[in-house]
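Grab the viewer and follow along.

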Amino acid sequence: MTRYLYIEPLSETQDGKIPSDNSVTLKNVTYSYDGEKNALDGVSLTINAGQTVALVGPSGGGKTTLASIVSRFFDPQEGRVLIGGVDIKEIPKELLMNTVSFVFQSSRLVKDTVLENVRLSNPQATREEAINALNAAQCADIIEKLPNSIDTVIGADGVYLSGGEQQRIAIARAILKNAPIIILDEATAFADPDNEQKVQAALSKLSEGKTVIMIAHRLSTVANADCIYVLADGKIAESGTRDELIEKNGIFTKMWNDYNKSVEWRIGGGQND
Ligand SMILES: Nc1ncnc2c1ncn2[C@@H]1O[C@H](COP(=O)(O)OP(=O)(O)OP(=O)(O)O)[C@@H](O)[C@H]1O
Ligand SMILES: [Mg+2]
């Protein structure tokens with residue numbers, strides 16, 4: 001009897017497997033939120049360690065769902081997700097959490113100081129390490145205007161941050177966590193170009209030397225991706241580099257032309273000739 005009690009907890013810790021590298025593979029992944037419509041429908045792809053891939057496509061195409069499945073917020077009904085050759089169901093939870101960092105479309109900050117918001121991902125980090133992460137994430141201008149610098153509580157006493165500012169703090173948090181696999185769900189819209197430019201700079205700092213899955217709404221950000229996947233109706237409709245996709249003259253080319261038209265429209269000050 002005592003022997004069983006002794007053995008059981010041990011066998012639990014022996015279950016976990018360690019990924020051999022930071023590659024990500026999806027094999028025939030199907031996921032449905034409601035059991036009727038598939039948000040992802042037989043998706044397969046491989047991202048080598050250190051590569052950057054971009055996910056693009058129409059709203060509702062399945063981009064955030066794919067990213068959530070790689071982070072194991074939920075498991076697919078069919079198919080498998082592997083990191084470094086190991087099914088993520090077999091990777092110990094804490095190790096998986098430290099391996100994958102997800103920066104959300106709309107980042108959530110907690111009602112606490114800037115410092116604690118950044119240290120949420122790594123409570124052992126020192127104040128100095130948190131400050132370095134904030135600087136790398138282009139947050140200097142935010143901190144400067146706060147009454148108590150990084151010790152200011154966000155969301156209290158009239159201290160509120162814009163969406164882009166909140167996203168930069170969330171990027172600082174991810175930089176401090178230093179996970180080898182980064183998932184970025186780019187915010188859909190920014191109010192001003194200065195903020196957009198700072199967020200982009202913060203994201204490229206975060207991405208240095210990492211395996212990156214970038215969900216891109218502005219096609220300007222996908223130019224340097226090793227591979228672009230166009231997700232539509234839960235399926236990979238097209239994949240390749242930007243030049244390869246433009247050559248195909250398919251769904252990506254149409255998105256690219258529409259995107260460039262909207263950029264011209266903005267540069268032209270909203271004039272619709
Ligand atoms: N929590 C949810 N419950 C039910 N259905 C959902 C949920 N989240 C997403 N869906 C559905 O799953 C499909 C894929 O959605 P997903 O959020 O992955 O798209 P997306 O490509 O990220 O879109 P966007 O570009 O607008 O962010 C859509 O049909 C959407 O309505
Ligand atoms: Mg989304």
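Q: Which residues surround ligand 1?
A: Keep in mind that this is a predicted model. In it, the shell around ligand 1 is made by Tyr-33, Asp-34, Ala-39, Gly-57, Ser-59, Gly-60, Gly-61, Gly-62, Lys-63, Thr-64 and Thr-65.

Q: How do the residues of the shell around ligand 1 divide into nonpolar, polar and charged?
A: There are two nonpolar, seven polar and two charged residues in that shell.

Q: What makes helix α2 "mostly covered"?
A: Helix α2 runs over residues 63-70, and six of its eight residues are buried. To be buried, a residue needs 20 or more other C-beta atoms within 10 Å of its own. The residues of α2 that pass are Lys-63, Thr-65, Leu-66, Ala-67, Ile-69 and Val-70. Lys-63 also shows up in the shell around ligand 1.

Q: Why is α7 called roughly parallel to α8?
A: The axes of α7 (residues 163-177) and α8 (residues 193-207) come within 10 Å and cross at roughly 10 degrees. Angles under 35 degrees count as roughly parallel, so α7 is roughly parallel to α8.

Q: Which residues make the contact between α7 and α8?
A: On the α7 side you'll find Gly-164, Gln-167, Arg-168, Ile-171, Ala-174 and Ile-175. On the α8 side it's Asn-195, Glu-196, Lys-198, Val-199, Ala-202, Leu-203, Lys-205 and Leu-206. By class, the contact has seven nonpolar, three polar and four charged residues.

Q: How do you know whether Ala-202 is buried or exposed?
A: Count its neighbours. Ala-202, which sits in helix α8, has 26 C-beta neighbours inside 10 Å, so Ala-202 counts as buried. Leaving out residues up to four places away in sequence, Ala-202 touches Ala-137, Gln-138, Arg-168 and Ile-171. Ala-202 and Leu-134 are 68 residues apart in sequence, but their C-alpha atoms are 9.3 Å apart in space.

Q: And what about Ile-175, buried or exposed?
A: Ile-175 belongs to helix α7. The count for Ile-175 is 28 C-beta neighbours inside 10 Å, so this residue is buried. Not counting residues up to four places away in sequence, Ile-175 touches Ala-133, Ala-136, Ala-137, Lys-205 and Leu-206. Gly-42 is another story: from Ile-175 to Gly-42 is 32 Å, C-alpha to C-alpha, with 133 residues apart in sequence.

Q: What makes Gln-138 worth a look?
A: The phi of Gln-138 is near 60 degrees, a positive value in a residue other than glycine. Gln-138 lies in the loop between α5 (127-136) and α6 (140-144). With 21 C-beta neighbours inside 10 Å, Gln-138 counts as buried, because 20 or more is enough.

Q: Why is Asn-178 called partly exposed?
A: Partly exposed is the label between the exposed cut-off of 12 or fewer and the buried cut-off of 20 or more. Asn-178 has 16 C-beta neighbours inside 10 Å, so it lands there. Asn-178 is in the loop between α7 and β7 (181-185), and its phi is positive, about 60 degrees, although it is not a glycine.

Q: What makes Lys-235 partly exposed?
A: There are 15 other C-beta atoms within 10 Å of Lys-235, so the residue gets that label. Lys-235 is in strand β10 (residues 235-240). Setting aside neighbours within four places in sequence, Lys-235 is in contact with Asp-41, Gly-42 and Val-43. Lys-235 and Asn-38 are 197 residues apart in sequence and 9.4 Å apart in space, C-alpha to C-alpha.

Q: How do you know that the span of helix α10 agrees with what it should be?
A: At 1.5 Å a residue, the 17 residues of α10 (residues 251-267) should span 24 Å, and the end C-alpha atoms are 24 Å apart, so the two agree.

Q: Why is α10 called hardly covered?
A: Among the 17 residues of α10, the count of buried residues is one.

Definitions and conventions
Residues numbered from 1 in each chain as written. Chains lettered and ligands numbered in written order. Predicted model: local features only at pLDDT ≥ 70, side-chain atom pairs only at ≥ 80, totals over all residues. Near = placed C-beta within 6 Å. Nonpolar A, V, L, I, M, F, W, Y, C, P; charged D, E, K, R; others polar. Axes fitted to C-alpha atoms, helices over the stretch in contact; angles between N-to-C directions. Helix = DSSP H or I, 4+ residues; strand = E, 2+ residues; numbered from the N terminus. Parallel < 35°, antiparallel > 145°, perpendicular 65-115°, else oblique. Contact = placed C-beta atoms within 7 Å. Expected span 1.5 Å × (residues − 1).
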